[in-house]
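Look at the sequence and the structure shown below.

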2 protein chains.
Amino acid sequence: MAKRNHQVRKRVTSYDVARAAGVSQSAVSRAFRPGLSISDKTRDKVMKTAKKLGYRPNAIARMLISKRSGMIAVIISSISNLIYPELLSRITDHLSRRGNKVLLFTLDTAEQLENILDQLWTYRVDGVIALAAHFDHKDIVQFEEHDIPVVLYNRQAPDHPVNTVNVDHAQGVRQLVNHLVKAGNRRFLVLSGPTQSDVANDRREIALEQLRNHGFNDVPVLYGDYSYESGRHCFSEWMAEHDAPDAVICSNDTMAIGCIDEARVRFGLDVPGALSVVGFDGILAAFWSGYELTTVRQPVNQMAKASVDILMERIENPDAPPEKRVLVGTLIKGKTTRN
Amino acid sequence: MAKRNHQVRKRVTSYDVARAAGVSQSAVSRAFRPGLSISDKTRDKVMKTAKKLGYRPNAIARMLISKRSGMIAVIISSISNLIYPELLSRITDHLSRRGNKVLLFTLDTAEQLENILDQLWTYRVDGVIALAAHFDHKDIVQFEEHDIPVVLYNRQAPDHPVNTVNVDHAQGVRQLVNHLVKAGNRRFLVLSGPTQSDVANDRREIALEQLRNHGFNDVPVLYGDYSYESGRHCFSEWMAEHDAPDAVICSNDTMAIGCIDEARVRFGLDVPGALSVVGFDGILAAFWSGYELTTVRQPVNQMAKASVDILMERIENPDAPPEKRVLVGTLIKGKTTRN
DNA sequence: ATTTGCATTGAAATCGAAGTCATTATTCAA
DNA sequence: TTGAATAATGACTTCGATTTCAATGCAAAT
């Protein structure tokens, strides 16, 4: 009974409004789209009856006819990197400010990506912002074939014509290295993110290069997976066989914090007295007074805005050439390094 | 030129496939929906030509005719509470496992909610999971009117017939209090979340009640906003005028961590030697070896799954009565309290 | 060989708005 | 007052699938 009632309840459509207001369905449509040719009188009449009947335009129907879904897919990797939540929030904000909806996809493994891409084609999203690592050439090409604009966040793709927004890893890492060298550190250790990650590779290689520029060759490297635990484990792995280094350069803040905790809690090392640690990203926890990490802060909000701006531009004008935008981060001289 | 090319490129529709395969458009549709009456021969033929032409069913068109969008709105408050990212990830996971898409809405202020709700009606989502605080009676009623099932996460609504999934705050808080009392703490301080938050009010009042049960009356309360900074500020505010308490009971982990940092860094207090601090939620950072917070861990994954299960059930069967599910958390005896 | 029953199939209606086009109303200048 | 130009309006088509319904084919049963 109640069930029937439920099923029977009909949504109010533009035809219902039209009939009640004594105008055509077209008039109702025009009343709701700004800038179309309609008299104030008619619009008022329509709006009034629409409100009375509780009419809401059906976005699905609009999508179908107008070939614009107003939906942007945001693809995000697992949450182990704490910069993502902040970023996601900013991006969502900028997108909705411009009248877009966010279709969220999270993925942990690469296999899932195929699956997600398949859904993207059927859901006809207007564009994609990818915060995920597992994108390769093949994937990018698919987007081109489907005419769906993409912006890759913090992913270099030097050889592909695709939109990217990056923090200036090179500049940031060099500043960190310089800061450490100037403070007199001599024995370095690099904790890198996974080799599948472009960003990790970038940050690691630039660090090593800049260290060489200062005359420090053959700096040892250990590999983690960006997680807190991997920061801890890498450090204790190192300590099992070696003396403590002067300074540890980590690919991100989360690993750096793991490293600091391990050094302090397990090995009783004073940071920064006995050991300096630097990270990268500027996650919220990096600023906690228990750490006050020396790091480079990604200008998250500007980068989020840039991603959205670029994407919108490509959606408006699909033939604009791809853009690779780079924003510089801010060196934060915290209390995990000496001066 | 390229532009024209772009505009002209037509998407492949079911008609195109039908023509190429020499069958009717209906047959193409049936080939792609499982369980419909179609011969293996025809299905194979359709699938083969579909693949050849690169056909993907248009989900928008399907939504329009079938009155199911397959989209679930997830409404989430600002990211200051670090349990949200984890939760969001789990919920998204469970939803997509069941073939649903996630439309993400983030909100900071209450005004935005009106706006968001408006969008929900036009986008015809199948259901809503609300992780946000700013829901009141009026909002809940609107969902009923629009026949959209909702699940509220960690929000009591004792007097409203609405689906909720809650961690057992009462049980968790009592365990924390008992733990503190048994360890010999006598002078308590409660750091509450904002009074607009049901959860905060709940946790605070239960803590106070349980303290009274142990004979501790008139325990002082300070109010923060769930953020790390508010944890710090509340504690130093207290210290400005009073002696340090034995134990601080915080409404969530983030405030607890702020409180600990402030106590250790600014006031040089040993935690747990001189001061015990407990939180609630079990965020990832609570387990960091720099803290090892004593807290109650929300069974995030089960709660996420429960939310999704309940929502799906209401979507299938809109007249099922509302369900209020409560899951118990796990007491984590960390190193921020004595035994 | 004919009938019955069931699985396939295609034609056509449908979902709800937007956009095209032809028609009517209005405004302003001559 | 008339005509030209412009604005407002409604009828109809369209988007791309699902779904209903009637028609067809085929196999088993008589």
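## A loop residue in chain B

In this predicted model, B:Asp243 sits in the loop between helix 11 (228-241) and strand 8 (247-250) of chain B. Is B:Asp243 buried or exposed? B:Asp243 has 8 other C-beta atoms within 10 Å, so B:Asp243 is exposed.

B:Tyr153 is 90 residues away from B:Asp243 along the chain, and 38 Å separates the C-alpha atoms of the two.

## Two packed helices in chain B

Two packed helices are described by the angle between their axes and the distance between the axes. For helix 6 (residues 83-97) and helix 13 (residues 300-316) of chain B, the angle is about 45° and the axes are 9 Å apart. The two helices of chain B, helix 6 and helix 13, are therefore oblique to each other. Their crossing, helix 6 of chain B with helix 13 of chain B, is right-handed.

On the side of helix 6 of chain B, the contact is made by B:Ile83, B:Glu86, B:Leu87, B:Arg90, B:Ile91, B:His94 and B:Leu95. Helix 13 of chain B contributes B:Val300, B:Asn301, B:Ala304, B:Lys305, B:Ser307 and B:Val308. By class, the contact between helix 6 and helix 13 of chain B has seven nonpolar, three polar and three charged residues.

Strand 1 (residues 71-77) of chain A is largely enclosed by the rest of the structure, because six of its seven residues are buried.

Which strands pair with strand 1 of chain A? Strand 2 (residues 101-107) of chain A runs parallel to strand 1 and is joined to it by seven bridges. Within strand 2 of chain A, A:Val102 stands opposite A:Ile72. Strand 3 (residues 127-130) of chain A also runs parallel to strand 1, with four bridges between them. There, A:Ile129 in strand 3 of chain A is the bridge partner of A:Val74.

## Where chain A meets chain B

How many residues of chain A are in contact with chain B? The contact involves 43 residues of chain A and 43 residues of chain B. Elements of chain A that each supply at least two residues to this side include helix 1 (2-8), helix 7 (111-123) and strand 2. The residues on the side of chain A that touches chain B comprise 20 nonpolar, 10 polar and 13 charged.

Strand 2 of chain A pairs with strand 2 (residues 101-107) of chain B in the antiparallel sense, over three bridges. A:Leu104 stands opposite B:Val102, which is in strand 2 of chain B.

Notes. Residues numbered from 1 in each chain as written. Chains lettered and ligands numbered in written order. Predicted model: local features only at pLDDT ≥ 70, side-chain atom pairs only at ≥ 80, totals over all residues. Axes fitted to C-alpha atoms, helices over the stretch in contact; angles between N-to-C directions. Parallel < 35°, antiparallel > 145°, perpendicular 65-115°, else oblique. Left-handed = near helix turned anticlockwise from the far one by under 90°. Contact = placed C-beta atoms within 7 Å. Nonpolar A, V, L, I, M, F, W, Y, C, P; charged D, E, K, R; others polar. Buried ≥ 20, exposed ≤ 12 C-beta atoms within 10 Å, placed from the backbone. Pairing = 2+ DSSP bridges.
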